[in-house]
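Below are my entries, in the order I looked things up.

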Amino acid sequence: MSSVTPELPPAQASLRASDDGIALRTESLSLWYGTRRALDAVSLAVPARRITALVGPSGSGKSSLLRCLNRLNDEVDGCRVDGRVWIGDTDAYAADTPVHELRRRVGMVFQRPNPFPLSIGDNVAYGLRLHGVRQRRELDERIEAALRTVALWDEVATRLDDSALDLSLGQQQRLVVARALAVEPEILLLDEPASALDPAATLRFEELLRQLAQRRTLLLVTHNMQQAARVADFTAVLHQGRLVEFDDTDALFTNPRQRLTEDFITGRYG
Ligand SMILES: Nc1ncnc2c1ncn2[C@@H]1O[C@H](COP(=O)(O)OP(=O)(O)OP(=O)(O)O)[C@@H](O)[C@H]1O
Ligand SMILES: [Mg+2]
């Protein structure tokens, strides 16, 4: 791990001033799969209780970056990480940082809804049980609260014991968000979470993201530029493992400072 503190990109310099406005920060984060470098000295500060979109061409390193933030890359053979990741003031890769607690604080939602082959209720209870919640009443209360947060409670309240696999795709995606939220993460990482949903379900899902961001920090990978423009407060652009630009979403889309950003958001490549 290097201990240097590289400069943040210019648009982010002001964020450094108020550290409590930053939920997570990477410092010169690089990542290799074997000898192939997938991230190249990425220094990114993600504002707290906002939605930051992470965009860039296929293969630019978006998923790799997300997987560094809660150390899911630890599970990938041949993967090596250099640089630092700060979750609040926790050094994510420090030897004494407990990974299971890190993953409680930094939840993840993937592209395809992946409910466990369990009942609806047990899906939401899964992480709670893992973190030691045993009392039936507390489990029930927290299952209900998480399902209400994602606006699924009214649809499933009478069928909590039914298999989660029988839900529609849109319901399954809200269920896995509820499963992630049940353990009360500060940060939610979402890797193209709406790509399996139809347009109406996508818009409802985006409304949910806006609502979640009132209390949590969201980092959202999306291939959909309209989606980034609709929901994200800030947008970061990756290209070949490098952070090309980070800015307020409106500024980035109306007045990109980098040619690569302009080419990408106007669809000239990617
Ligand atoms: N487990 C892995 N082993 C080896 N190489 C990998 C692995 N995962 C990703 N890569 C490589 O790392 C680079 C970045 O991949 P990554 O999945 O992070 O890109 P991405 O921006 O998420 O792309 P997409 O938009 O297609 O999802 C690519 O060259 C990819 O082939
Ligand atoms: Mg990806």
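Is Q258 buried, partly exposed or exposed? I counted 14 other C-beta atoms within 10 Å, so Q258 is partly exposed. The cut-offs I used are these: buried means 20 or more other C-beta atoms within 10 Å of a residue's own, exposed means 12 or fewer, and partly exposed lies in between, with C-beta atoms placed from the backbone.

**Ground rules.** I am reading a predicted model, in which local features need pLDDT of at least 70, side-chain atom pairs count only at pLDDT 80 or more, and totals for chains, interfaces and linings use all residues. Residues are numbered from 1 along each chain as its sequence is written, while chains are lettered from A and ligands numbered from 1 in the order in which they are written.

**More on Q258.** I placed Q258 in the loop between α10 (249–254) and α11 (259–265). Setting aside neighbours within four places in sequence, I found Q258 in contact with V244 and E245. Contact here means C-beta atoms, placed from the backbone, within 7 Å. M225 is 33 residues from Q258 in sequence, and their C-alpha atoms are 16 Å apart.

**Whole chain.** I listed eleven helices and ten strands. These are DSSP runs numbered from the N terminus: helices are H or I with at least four residues, strands are E with at least two. The radius of gyration is 19 Å, close to the 18 Å of the globule rule for 270 residues, so the chain is as compact as a globular protein of that length. That radius is taken over C-alpha atoms, and the rule is 2.2 Å times the number of residues to the power 0.38. I noted that 41% of the 270 residues count as buried. Of the contacts with a separation of 6 or more, 68% join residues 24 or more positions apart.

**Helix α7.** I followed α7 across residues 169–181. Ten of its 13 residues are buried, among them R174, L175 and A178. Their cover includes β6 (106–109), α4 (120–130), α5 (136–149), β7 (187–191) and α8 (199–212).

**Core.** Which residues have the most contacts inside the largest nonpolar core? They are L54, A178, L189 and L220, in a core of 70 residues. Such a core is a set of buried Ala, Val, Leu, Ile, Met, Phe, Trp, Tyr and Cys residues joined through C-beta atoms within 7 Å. Helix α7 gives this core its largest share, six residues. Beyond four places in sequence, L220 touches I51, A53, L54, L190, L209 and A232.

**V42.** I found V42 in strand β2 (residues 36–47). It is buried, with 23 other C-beta atoms within 10 Å. Apart from neighbours within four places, V42 is in contact with T26, L29, L65 and L243. The C-alpha atoms of V42 and R230 are separated by 25 Å.

**Backbone angles.** Most residues other than glycine have a negative phi. I flagged R49, with a positive phi of about 50°, in the loop between β2 and β3 (51–55). R49 counts as partly exposed because it has 15 C-beta neighbours inside 10 Å. I also flagged E192, whose phi is near 50°, in the loop between β7 and α8. E192 is partly exposed too, with 18 other C-beta atoms within 10 Å.

Notes
Contact = placed C-beta atoms within 7 Å. Expected span 1.5 Å × (residues − 1).
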